[in-house]
Amino acid sequence: MSKTKSIVILTVLAILIAFFGAASFVSFEIPNSTKDYKSIFGTIGKGIDLEGGYYAVLTPKSGETASSEDIDAVIETLRSRLDENGYTEATITRQDNGLRVEIPAIDNPDEVMELIGDQGELQFRDSKGNVKVRGEHVKDARSGYDENGDPTVYLEFTSEGATLFASATKAIAAKEDGVENKLSIYLGDRLISSPTVSAEIPNGQATITGIDSIDTAKTIASVIKSGSLKIDFQISESRQISATLGDNVLNGAMLAAGIGLIAIFILMIVFYGGMGIAASLALMIYVILYVAILAIFPGVQLTFPGIAGIILSIGMAVDANVVIFERIKDEYRNGKRVKAAVDSGFKRAVITVLDSNVTIIIASVVLWIFCSGSIKGFAITLGIGVLVSLFTAIFVTRGLMAVLKPFGGEEEGVAKLYHLKRRDA
């Protein structure tokens, strides 16, 4: 690669980094527009500690004391509903004889109150009120759109449910026992839909239509899948809650991270020369990619532990580069030429880097599966960060070193550029 080509590549790369860096972190007003531009980082949801949210207290309607086993079952059901709808940072805690549910950064409080308060007992009833099929007979439920573009919930029955549903639709279509040809679908005590049945439906599938929005369809599907609550709860209290930490903490953490990155760039360049420049550019690309993935990854909500996961993953990215560079220096010190030292250094160091990072990835996956709330948020941010850091350290840094190589010239110049020295030097 010629020096001219390297200059062109670095110039284009600098422009792209500046553009996407600004898009990732800078929000601004758009002239002559009622809407402002919100940075990519600003679109990432925030937890209760940073942005506030809503809380609801659920208490048994009967007023009786619920057993510990029933409370545990309810917590598991609510956790499933909230996670499936993207509220991974929500917390569920016991409070006296009930539960306190805290949900961060929600757009529609009424919908979430409906989600956590709905008993979820799905029933198909004929016009006389006889229950023909229940939620326990549903194998799967998912939201989507029908051929007309209307929000719909698609149901798939178990083998027993398919038989019961076929029998029910056959009887209703034939108007046996004087029933009307209507099959009403209830979720708890709430009528969802009441379609007309004109023929037997034997394929073990059904749809719920007449839903006002796709978000409501998602809520209904998740409630059906998670099952009915073991206790008949009522929402005895609900209220908006303010952030416990707020934007000042987030801004302070971001400022600290920025200062830390600048310090890292300086130290990397001082110790590793051209390799440090390549690593610094790769870290900038890493940060931009990381923010973009966090913004589109489902269920990510930033909390203070989540920010800690981000900062820790940045440290892991730096560590990966240091391990690789030290291996390259060792290979060159032992007599190899620059190209051979770089090739061997990357090849040997990658194994070490993968070993250390795979352990963290496994730990993140375990935390994500078995934990909830802010711990799950920490696991998500850390796991994504480590994966992205592996990509940038192994592939991007090496590519950038190749781009910078022409600035060193011949063998001795490249070694000097990379701050490589022989053992006897």
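Two strands pair if DSSP finds at least two bridges between them. Strands (E, at least two residues) and helices (H or I, at least four) are DSSP runs, numbered from the N terminus. Keep both in mind on this tour of a predicted model, where local features need pLDDT of at least 70, side-chain atom pairs count only at pLDDT 80 or more, and totals for chains, interfaces and linings use all residues. Residues are numbered from 1 along each chain as its sequence is written, and side-chain values use heavy atoms, without hydrogens and water.

**Stop 1: confidence.** Color by pLDDT, the predictor's confidence in each residue, from 0 to 100. The chain's mean is 82, and 92% of its residues reach 70 or more. Select helix α1 (residues 3–25): among the elements, its mean pLDDT is the highest, at 91. Helix α2 (residues 48–51) has the lowest, 70.

**Stop 2: a strand pair.** Select β10 (residues 151–157) and β13. They run antiparallel, joined by four bridges. Now click E156: Q205 in β13 stands opposite.

**Stop 3: two faces.** Stay on β13 (residues 205–208). Which residues lie on its covered face? They are A206 and I208. Q205 and T207 are on the uncovered face. In a regular strand, side chains alternate between the two faces of the sheet.

**Stop 4: an open sheet.** Select four strands, in the order β8-β7-β11-β12; their pairing is antiparallel. β8 (131–134) and β12 (190–193) are the edge strands, each pairing on one side only. From one strand to the next, the twist averages 35°. Zoom in on β11 (residues 184–187), which pairs with β12 over three bridges. There, I185 has S193 of β12 as its bridge partner.

Note on methods. Buried means under 20% relative accessible area, exposed over 50%, partly exposed in between (1.4 Å probe, protein chains only). Axes are lines fitted to C-alpha atoms, for helices over the stretch in contact, and angles run from 0 to 180 degrees between N-to-C directions.
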